[in-house]
Amino acid sequence: ALEVGRDLGRAVLNARALERERELVRELKALDDYKTTLIATLSHELKSPLAAMLANIELLDTIVDLDPEAHGVLAAVDRGAVRLVKVVEDLLLLAKIGDPRMPLLPRSVYLPDVVEDVVSLTSIPSQQRVKIETIGDVEDVLALGDPTELDILVTNLVTNAMKYSDESSEVTVALRREGADVVLECSDHGIGISEADQVHLFREFFRSEHRAVRTKPGTGLGLTIVERIVARHGGRIEVDSTLGEGSVFRVFLPAA
Ligand code: ADP
């Protein structure tokens with residue numbers, strides 16, 4: 001009887017612990033939802049006044065004949081506003097892809113077309129820097145995903161590869177099939193990423209302390225967005241990088 005009583009007591013304690021755990025998960029989930037909604041609302045509210053600010057800066061520059069110093073000050077305000085717009089846009093995007101009410105509607109996407117589109121939208125000298133390599137047949141590089149999100153993913157990876165490497169060095173986007181996945185590999189011969197930094201790459205707002213990074217514009221949200229998109233697609237991402245030599249970002253997406 002003593003043994004049965006002890007087992008019963010243990011079972012009751014376990015059940016209580018499990019219920020507490022469930023409650024904690026529910027609370028965390030509610031907090032996370034609240035955070036997502038708050039960020040989305042805030043970003044949305046910030047967007048219009050920022051757009052108005054940018055328009056007014058431009059207007060001021062045309063209606064007033066500013067001396068060089070004042071022009072410099074206005075240009076700095078303009079750069080700040082442009083940066084803010086980018087942060088707000090990235091935050092809105094993150095909130096959108098993190099919103100459970102916005103499920104992924106996957107379809108068959110021919111990845112070479114996505115990469116071509118992204119490259120053709122970048123400025124002319126940059127286009128020549130990007131080499132696209134497709135290995136295999138059409139069906140080997142068909143991924144199952146959302147074309148808009150995959151476009152954002154490729155844009156962020158290619159932009160980073162170009163931004164963090166010398167203007168004369170080449171960036172390669174290679175596509176191939178590997179088992180049930182389509183692999184998209186974006187390689188550069190740029191500044192590379194230290195092992196210490198590699199741990200934090202996908203964290204919100206992370207930017208390396210490397211001087212070459214600090215002198216370039218950026219929000220530190222690009223790779224967070226990339227990782228969320230990859231996760232939403234049921235894929236995974238790997239990074240191979242050596243400081244001073246270059247980086248390879250390898251994305252595995254489910255094949256269509
Ligand atoms: P950012 O807007 O700063 O480019 P990301 O989230 O896209 O933000 O990238 C985070 C950080 O990761 C960058 O600030 C940079 O330090 C590093 N990084 C990303 N891609 C590369 C790359 N191809 N080469 C070197 N460093 C990179």
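Trainee: How far apart are Asp 32 and Lys 35 in helix α1?
Mentor: They are three residues apart in helix α1 (residues 2–63), so about one helical turn separates them. Helices here are DSSP runs of H or I with at least four residues, strands are E runs of at least two, and both are numbered from the N terminus. This is a predicted model, where local features need pLDDT of at least 70, side-chain atom pairs count only at pLDDT 80 or more, and totals for chains, interfaces and linings use all residues. Residues are numbered from 1 along each chain as its sequence is written, and side-chain values use heavy atoms, leaving out hydrogens and water.
Trainee: And what do the side chains of Asp 32 and Lys 35 form?
Mentor: A salt bridge, at 3.8 Å from N to O. The term means a side-chain nitrogen of Lys or Arg within 4 Å of a carboxyl oxygen of Asp or Glu.
Trainee: How many salt bridges are there in the whole structure?
Mentor: A search finds 17. Another one joins Glu 170 and Lys 131, at 3.7 Å. That pair links distant parts of the chain, with Glu 170 in the loop between α5 and β4 and Lys 131 in strand β2, 39 residues apart.
Trainee: New topic: in what order do the strands of the open sheet come?
Mentor: The five strands run β2-β4-β5-β7-β6, with mixed pairing; two strands pair if DSSP finds at least two bridges between them. β2 (130–134) and β6 (236–242) are at the edges with a single partner strand each, so one side of each has no neighbour in the sheet.
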